[in-house]
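Hi everyone, thanks for coming.

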Amino acid sequence: MNPISITSVPIVELNDGRVIPQLGFGVFQIDPQGTARSVCEALEVGYRHIDTAEMYGNERGVGEGVRASGLDRSDVFITSKLSNRFHRPDDARRAFDRTLSELGSDYVDLFLIHWPLPTLYDGDFVATWQTLEEFHRDGRARSIGVSNFQVDHLERLAAASDVVPAVNQIELHPYFHNAEVRAYDEAHGIATQAWSPIAQGAVLDDPVIAAIGDKHDRSPAQVVLRWHIQRDNIVFPKSTTFARIQENLELFEFDLDFDDVTAIDALDRGEAGRRGPHPDVFAYIPD
């Protein structure tokens, strides 16, 4: 098996001058016991960007997988996210220390506030953001950003801080373009990452996607992921199947043409296409 050259994966420059591979490997809902193996396999075939979170419970497995791969830590871009339990500044500081301990690293490449939780913690996600700024200043978080932030949330940060998030990770797929947030990100130099890039598999049975896949002799997942790449979204599909892990990386051997992209763009259902919770009301706190 020949791994994909890491030079074939586009690099996105962040607003802080650092760079991130546009395609990564996600570990959401991968069992902690199997995370190290999946991460090691992903790195073996050519991924260099791993996306995890405290609330996934598998940061330790990510660190183990990176070490088992034999790659230098500096060769792998690791993202993690602050748990919803720890938005208070002192709690966030302790939680970040645990993230580094679990990963077995003295830094993380990107650290995000996982959810804004505007109905909790007195709605004060600004203090949480200012705590992440501490991690950025001391170098333990090379870049910092947010996840699931709406336009008004981002504007509150802008009014209270000089540090613009490097990334906003949001639900985004052909059925839900999250257009207002994505447009704000683009206008303010914030890179957009797409979680649930294939709508939890819902778009894979869409006849439009299937027809484009037949046209290019590609799987529906490859078509959708290629659409994300051509729209400049950062994506990190998840799989525990080795063949699918490899297939999801093989996006750089074909292009979607104008008609393909237009047809997929037309699948947007607006708010009706959202599959996850709305960030304005989401208030989950893990046990």
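Let me begin with a question: is tryptophan 115 buried or exposed? Keep in mind that we are looking at a predicted model. Tryptophan 115 has a relative accessible area of 8%, and since buried means under 20%, it counts as buried.

Now, what does tryptophan 115 pair with? Its partner is phenylalanine 282. A pair of aromatic rings is described by the distance of the centres and the angle of the planes. Here the ring centres are 4.2 Å apart and the planes meet at 45 degrees, so we call this pair tilted.

Ring pairs join Trp115, Trp195, Phe282 and Tyr284 into a cluster, and searching the whole structure turns up 9 aromatic pairs.

Let's move to another ring, tyrosine 107. Which charged residues lie over it? One is arginine 73, whose charged end sits over the ring, 4.2 Å from its centre. Another is arginine 142, which lies over the face of tyrosine 107 at 3.7 Å from the ring centre.

Stay with arginine 73 for a moment. You will find it in the loop between α2 and β5. A polar atom of its side chain lies 3.2 Å from the backbone oxygen of tyrosine 107, and its side chain also makes a polar contact with the side chain of serine 105, at 3.1 Å. Beyond its neighbours within four places in sequence, arginine 73 is in contact with Ile78, Ser105, Tyr107, Val108 and Asp109.

Finally, helix α4. It has 13 residues and reaches 19 Å from its first C-alpha to its last, close to the 18 Å expected. The buried residues of α4 include Phe125, Trp129, Leu132 and Phe135. What covers the buried residues of this helix? Among the elements doing so are β5, α3, β6, β7 and α5. After α4 comes glycine 139, with a positive phi near 85 degrees.

That's my tour, and I'm happy to go back to any part of it.

Terms used: Residues numbered from 1 in each chain as written. Predicted model: local features only at pLDDT ≥ 70, side-chain atom pairs only at ≥ 80, totals over all residues. Heavy atoms only, no water. Phe/Tyr/Trp six-rings, centres within 6.5 Å; stacked < 30°, edge-to-face > 60°. Buried < 20%, exposed > 50% of the residue type's maximum accessible area, 1.4 Å probe, protein only. Lys NZ or Arg CZ within 6 Å of the ring centre and 35° of its normal. Helix = DSSP H or I, 4+ residues; strand = E, 2+ residues; numbered from the N terminus. Polar contact = N/O pair within 3.5 Å; in protein donor to acceptor, adjacent residues only side chain to side chain. Contact = heavy atoms within 4.5 Å. Expected span 1.5 Å × (residues − 1).
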